[in-house]
Structures are given as structure tokens and as C-alpha cells.
Amino acid sequence: MEGLGAAASVIAVVELAAKVGPLCLEYSSAVKNARSDIERLKKHTDSLKTTAKGAQKVLQGPHGARLETSQKLRETLDNTHSQLDNISTKLEAKLHTGRTASAMRRMGLRALKWPFESKDVDKIIANLQRDQDAFTAALQIDQAAELLEIHSKIDLTMLPVASGAAFDSHAEEHNAQCHPDTRTELLQRIQEWANDAQAESIFWLNGMAGTGKSTISRTVATSFAEKGLLGASFFFKRGEGDRGKASLVFPTIARQLVHKIPALAPSVRKAIDADVPKKALREQFEKLILHPLGTIQLTTAIAIVIDALDECEGDEDVKTIIALLAQANVVRSVHLRIFITSRPELPIRLGFKDVQGKYQGLALHQIPEQIVKQDISTFLTNELARIKNKYSRQMPLDWPGENNIRILTEMAVPLFIFAATVCRFVDDKGRLNPAKRLKTVLEYRTATCNSRLDKLDATYLPVLDQLTYGRTDQDKADVLAEFQNVVGPIVILAQPLSVRSLARLLGLEAEDIRALLNSLHSVLDIPSEDDAPVRLFHLSFRDFLVDPAKRTTNEFWIDEAKYHKMLEERCIQVMGLHLRRDICGLKDPGKLRSEVDQQTVNASLPPEVQYACQYWVHHLMESHRLMESRYKIEDNGPVHTFLTGHLLHWLEVLSLQGRLSEAVLLLGTLLHAAQLQPDTASNLIEFLKDAEKFIRGHGSIMERAPLQIYGSALIFSPILSKVKKQQWEKRLSFIKSAAGIRDRWSAYQQTLEGHRDSVRAVAFSPDGKTLASGSDDRTIRLWDTATGTHQQTLEGHSGSVWAVAFSPDGKTLASGSDDETIRLWDAATGTHQQTLQGHSGHVTAVAFSPDGKTLASGA
């Protein structure tokens, strides 16, 4: 019965803590000179009550008796109860001291006296806090132990994540944090926000490129981690593959949260079992983050840091993420704090405008210039002092000099990236010593002041001009061409590659690439390991190189269209050389992808081949977009030739990468481009249409067992299928022929399954990308029409859903039901917006007016 005793003790603590709060309120209205002490005591007892309620819930649960550490806290609980009882007794004694006091209170006179001195309140709070910390820690220990078995069974690898997105990942390891003497007021303000239980759940810090947002994010994340507040982090980075994908934000955060809080494991496991990581953003957020957090009780804040949201792909996805994060305040059992940084791009400004009043915002340009100037000066002073110490034998005693630091500061403000790049440039081992390199930078001051150069020019030209300094015209032209042919691909890659992989992809010598990059350590993160990726220190370097406005003024200018086209061609060539049937040597046609470890895949598919398979369509479409009418996708051209020769090989690699579902979208993108040139691409168009049907018809088995692409997928495709005809020779060797197969693809494209009862209504979104369905199971489901993937389920009706309709702009979905109501939903997030009532019968029809301002309903 010891377990019952612990639970009973907690109940007694809850009851007494609930009693002290109202007593404090009575004193607060009647006692003037102790109001601060009264409010402090009330706030702490309220916090204690919340914690105790959480403990009560756990101890009275089905596994309460097994929580050994918590069951041994009888003494601590009894001590807490004794203190609360003593507080309650003293407060009541003073509150009810007889007729005189009562009469005086009725007359409005202040007859009450607060029974505690400030030092007494300090001691009471300290004692209660100690007890509260003790049983909070005990519960966490017990819950962690209780969940070890569950946690060991949950397969976190089923949560797809963006590699390198966490603040403490290897990819972020060498990136800078704020100097201890800089950004002090801002960092203090962020910390106060995180600790304030009454603050908005989101803090949005925005600023222009190069103002130090990511450095601040890393500093904040590190500080939160050291204080035990950090739950998860996601640092977006354009050009780093998965780190730009909205679909991986919430699964990545969820995996980190489970590591931080093992008690989330059961809820997250349910979401994984329901295939939530592949669903729409709203369902991911709710079932991987909101719902799991709602099942636990924490007294401390849990912070999530999201950096560079503007580098997330897809404007609509960005706005959806903001709208979903704004719902964080619905979790009452946890103080969830979300710190976000971004450039103030239009989609982000619109996203935050839609959640006005639900976030705390600060723009870096609102920080007084004098503070920014002082911070940059402090950074430069410390970094240049470090460099001077490093090269002490070469440096003049008075270097760099206060005047030079002042000039550099004026050149930098408000761009911290200028200061950081200058210091890397001065510190870089090269032909010039640090003093001469600094002198080179200072020579750009006059040009900058005269506005011939903007801030990014002054940041990067001192580094790049060293490549061509003192060279003849012909030599200079050769160096510029070499720079563009190497750095051009690096800055537009969808995912960074190592020097070795880059050389293989571009068809260059690795030593030639390395020789050029040796002069660019100031602007590129170039690791010493041959197999580690080359990264940009900052996205502004890419902005500087590809800016169309600098085409005639920047001799280092990179022609995006040209190098996207080159990468597309090189990707196709690399795939043509490497792809073949059973590339990983699986041999067994029934071997499941889940049984193939990543090491086997990586051994057979070098990084450049994996990159080519994943991103060749991306580069093709980017060059098509930038070159417009100059780009042709034609019959028997490189694209057509590659697909007819290697379609099945390519699909096999995508299946091994776990990305087969992307194939329909990629082929659809190609089809759209080809249909713009119907006169010269008619055969390619027909092949792409057939390939789409091939994947839709057999995607499920091909995704689970890659080699079935050459088996059941080919066998059971129609006799007249163009894919089957052209790829039949690639079938598995034991297959000789197939009988009883239909001639053509069926008229239907795919079957969507998921509703638990009859489907009563369907409607397409205006752009045709989403299908809504209403059912007798009282739900509306949204589907991706390209892949047939279930995106999200909208729940709220208490009767069958008989009607669904999208607004003309596709942003709102209306549904009519047996429950005599119409509900309006945000089509992107699935959030219920409002319920329209008035009918006295089943609502069987809904329709928007052409301008979307009026909704008609029939019952």
C-alpha cells in the first residue's frame, strides 16, 4: 500500500497548494506594503500545484506503483505538506482574527497584516522549490526508466531527418558564436523571454543578409542547451539538400525531442506507426510534436531554435510552418518556446502578419546603430589581436591600430559577415602576410564610401581580387574561367559535395579544384578531409556572385543558367556511366529495401551518383526557367535518350534512397516542360505519360522491394505500355514471357484508401494539386493528386460530411454535414477557422461565389 500512500500525499499537497493561492489573493487586495511578497508566494504555490498535479496523474496511473524513486519521496512530500499547512494556518489565523478585524474590513479599512517578513518568504520559497525540484527529478528518473523498454522499441530511424540541421551537428561544428562581449543586451532579452511564463511562445528575430542572425541562433541554442532548456533545433540552409525541405522540419525536431524527453516516445511511436512522417505539415506538427508534448508535465520551459526560415523551400510551406508554430501556446502542460530567425522576406512577413499577436518580434535594424557598431568593433579588436598573437614575429607592434579598427567598423556596419570574412581573409595563409592583407581590405574603403561598391562588394572583392592580381590579360581570363567553372557549380549545387565527388561530377582533376580553392578559405569552408563536403560560409557569397545586376560590373559573376545546364548534362552523363540493374548486388528479387543497410547503398552508389539521381531534374528545370525559350527538351535529346535507356535503373536508385515517391513529381515536372514544345517532343511526352502510369500502378511494390521494378512491375504492365516495350530486355533473367495481361492501362489512375466509411463528396483545389473527400466517418481527408498520398485528416463534424468545396483562391475549404453545420478550414494547415450554424437539417451542398466572399449552402 506504499504506492497508495505516495499518491495520497501528493493529493494532499495539491489540495493545500490550491488553498494557499486564494488566501494570498485576499491579502493582496487588503494589504498594501507586502504585495510583492504576496505575489511571489502565490506564483510559487501555483507552480507547485501544477507540478503536484502532474505527479498525481502519473502516480495514479496504471504504472504508478512501479515508480520506485517517486514512491520513496514520502518524507519530501510530507515536509512539503507540513510547510503548506503552516502557511495556510498562519494566513487563515490573521484573516479571521475576530469581530474587530471583520468590522474594519467591512468599513474598507486595512486591518490585515501580512504574517511573513520578506526574508521569511525567501526561505519558504527556497524550501518549497527544493522539494518541488526533488519530486520533479524523481518523476523524470522514473519516467525515463519506465520508458526505456518503449524507447528501445521505437525505431527512430523511421523518422526521416535532415542531416546536419541540428545546431550541434558536425556540419555546424566550426561555425561561429557571438563573442562574450557582443550582443549582450539582445541575448539577455531572449533569455528573459524564454523564462517568462506569460510571454508569447514565439520570438521572431529578423534582419538582412549578413547581420549575424545565424551566429545569434547558435549562441542562443548553446545557451539553452547548457541551461537544460533546449529541446530541438533546425538550421535551414539553402543548397544543402534536405536542410531546405519543409517536409523534414517536424520529423527532425520530433526525433531530437524524444532524445531530450523519453516520455514522448509512446506518442511518437504511434505517429510513426500511422505513417505520419509522410503526411502533410499540419498532421506532422500535431501528431509528432503537439500531441506528444500534451501528454507530459514539465515545470521548466522547452525551447526549439529554428534558424534561417527564409532558406526553406516553398513560400506556401513557410507560411504554413509559421501558422502551425503559432499554435504552440495550446500546450498547457509544457512552456514551449520557439526562437525563429530569418530575413524579412515577403512570404515570412505575410506568415507572421496572419498570426499577429501570437509572437514577439525584433528586427536587427531596430537595434541602435551605436550598439551594433560597438559589437562589431569588439569582435574585430579581439579577432585581430588573436591573429597578431598567432603571427607575432611578422607583425608590427602597433598593428592593427585603433584607427584601422574604426575604419573597418564603419565599412562593416551593419554586416557582421563583413567583419567575419575580413578576419578569415587576414588570417588566411597565402602570399601576403596579415598586415598586407589588412591593407588590401582598407583600400576598398574609398570606393565603398563613394557608393561604387555595395557592402557585399567590399566584403568579397578583397578576397577574390587576389586571384587575378598582377596577372596578364590572358592569364587573368584563364583564372576567371577556372574560378567560374569550379565555384559556379559549388554555389548552385542543391547539396554540397566533397572535392573528390565534385571532381568526378564535373569531370575535372581533384588537384586542380583543390589548388583553386586553396585561395578561397575566407569564403568557403574547405575541409582537409577529401570526403568532407565544401560549404559556403554564408549564403551572401552566393548572392554576390549570381546577382544579375552585377553581370557587367563583377568580373567574377556566375551565370546561373549556364551552370545549371552544365550540371544537368554532367548528372545525366554520370548516371549513364554508373547505373545498371541490381546496382547494390542484392541478387534476391524479393529483398526488401528495409533490409538493405545504408553502408551497402553508399558502397555501390558514390555521393556524386546519388546526387545526380536526386537532382538532375532540379538542374534541368532551373536552367529551363532561367534560359526560357533558349532551352529545348526534344525527342531523342539527352533527356529522352537517358530515360529510354535508364528509366528503370534510375527508379531502382530512388527506391534504394527511399525517394521513389518523388519520381512521379519529377516526371510530372519534365512532362510539363516537354508539353511546352509539343511539336518537337511528342514521343517524349507519350513516354513520360506512360512512365507516370507505370510508377502509379506499381509504386507500392517498387518502393518496398527495389528489384521488383524489373519483375512484377514489368510483367503486370499492359502489353502496349511504352515503358514495358522499351524496357522489357531489362527484366529479371528468369522471366521469359507473360500471359493474360491487359493491352492498355485502366482508365482509373489510382485508388485512394483511408476513410472508414462511405465517401459522400469530393472536390479538387483550383490548382488541381489537392483532392478533398468527405465521408460518413465524419472526417474530411486531403490527398496529393500527383502521388495519391494522404496529406491530412480534418476532424470536427459530429455527423457525415455530405459536401466539400474549395474557395477560388484555394486557401479555404468548406464542408457541410449531417450535424446541420458548415465548417470552414484553412486548406494549408487544416486549422478549423469557424463554424456556420442556422440550418435545421442535413447540409448537403456548399459553394463559393467567384470572388470567394460569399458561401452558399443547401440543406
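Visitor: What is the strand order in the open sheet of 5 strands, and is the pairing parallel or antiparallel?

Guide: The order is 2-3-4-1-5, and the pairing is parallel. This is a predicted model, where local features need pLDDT of at least 70 and side-chain atom pairs count only at pLDDT 80 or more, while totals for chains, interfaces and linings use all residues. Residues are numbered from 1 along each chain as its sequence is written, and side-chain values use heavy atoms, leaving out hydrogens and water.

Visitor: What makes something a strand here, and what makes two strands a pair?

Guide: Helices (H or I, at least four residues) and strands (E, at least two) are DSSP runs, numbered from the N terminus. Two strands pair if DSSP finds at least two bridges between them. Take strand 1 (residues 202-206) and strand 4 (residues 335-342): they run parallel and are joined by 5 bridges, so they pass the cut-off of at least two.

Visitor: Why are strand 2 and strand 5 called edge strands?

Guide: Strand 2 (230-235) and strand 5 (359-363) each pair on one side only. From one strand to the next in this sheet, the twist averages 15°. Angles run from 0 to 180 degrees between N-to-C directions, and axes are lines fitted to C-alpha atoms, for helices over the stretch in contact.

Visitor: Which strands does helix 9 lie across?

Guide: Strand 1, strand 2, strand 3 (301-307) and strand 4, with helix 9 at about 160° to strand 3.

Visitor: Is the crossing of helix 8 and helix 9 left-handed or right-handed?

Guide: Right-handed. A crossing is left-handed if the near helix is turned anticlockwise from the far one by less than a right angle, and right-handed if clockwise.

Visitor: What classes of residue make the contact of helix 8 with helix 9?

Guide: There are 8 nonpolar, 3 polar and no charged residues. Ala, Val, Leu, Ile, Met, Phe, Trp, Tyr, Cys and Pro count as nonpolar, Asp, Glu, Lys and Arg as charged, and the others, Gly among them, as polar. The contact includes Leu186 and Trp193 of helix 8, and Ile216 and Phe224 of helix 9.

Visitor: What makes helix 28 and helix 29 roughly antiparallel?

Guide: The axes of helix 28 (residues 638-656) and helix 29 (residues 662-675) come within 11 Å and cross at roughly 150°. That angle puts helix 28 roughly antiparallel to helix 29. Their contact has 8 nonpolar, no polar and no charged residues, including Trp650 of helix 28 and Leu666 of helix 29.

Visitor: And why is helix 21 called roughly perpendicular to helix 25?

Guide: Helix 21 (residues 473-492) and helix 25 (residues 560-578) cross at roughly 85°, with axes coming within 10 Å. The label roughly perpendicular follows from that angle. Here the contact divides into 5 nonpolar, 4 polar and 1 charged; among the residues that meet are Gln484 in helix 21 and Glu560 in helix 25.

Visitor: How do you know that the pairing of strands 12-13-14-15 is antiparallel?

Guide: Strand 14 (residues 821-826) and strand 15, for instance, run antiparallel and are joined by 5 bridges. Ile822 has Leu836 of strand 15 as its bridge partner. In this open sheet of 4 strands, the edges are strand 12 (801-806) and strand 15 (832-837).

Visitor: What about the backbone: is the bond from Trp399 to Pro400 cis or trans?

Guide: That bond is cis, with omega near 0°. Pro400 sits in the loop between helix 15 (369-390) and helix 16 (402-412). Val413 and Pro414 are also joined by a cis peptide bond, with omega about 5°. Most peptide bonds are trans.

Conventions:
Contact = heavy atoms within 4.5 Å. Parallel < 35°, antiparallel > 145°, perpendicular 65-115°, else oblique.
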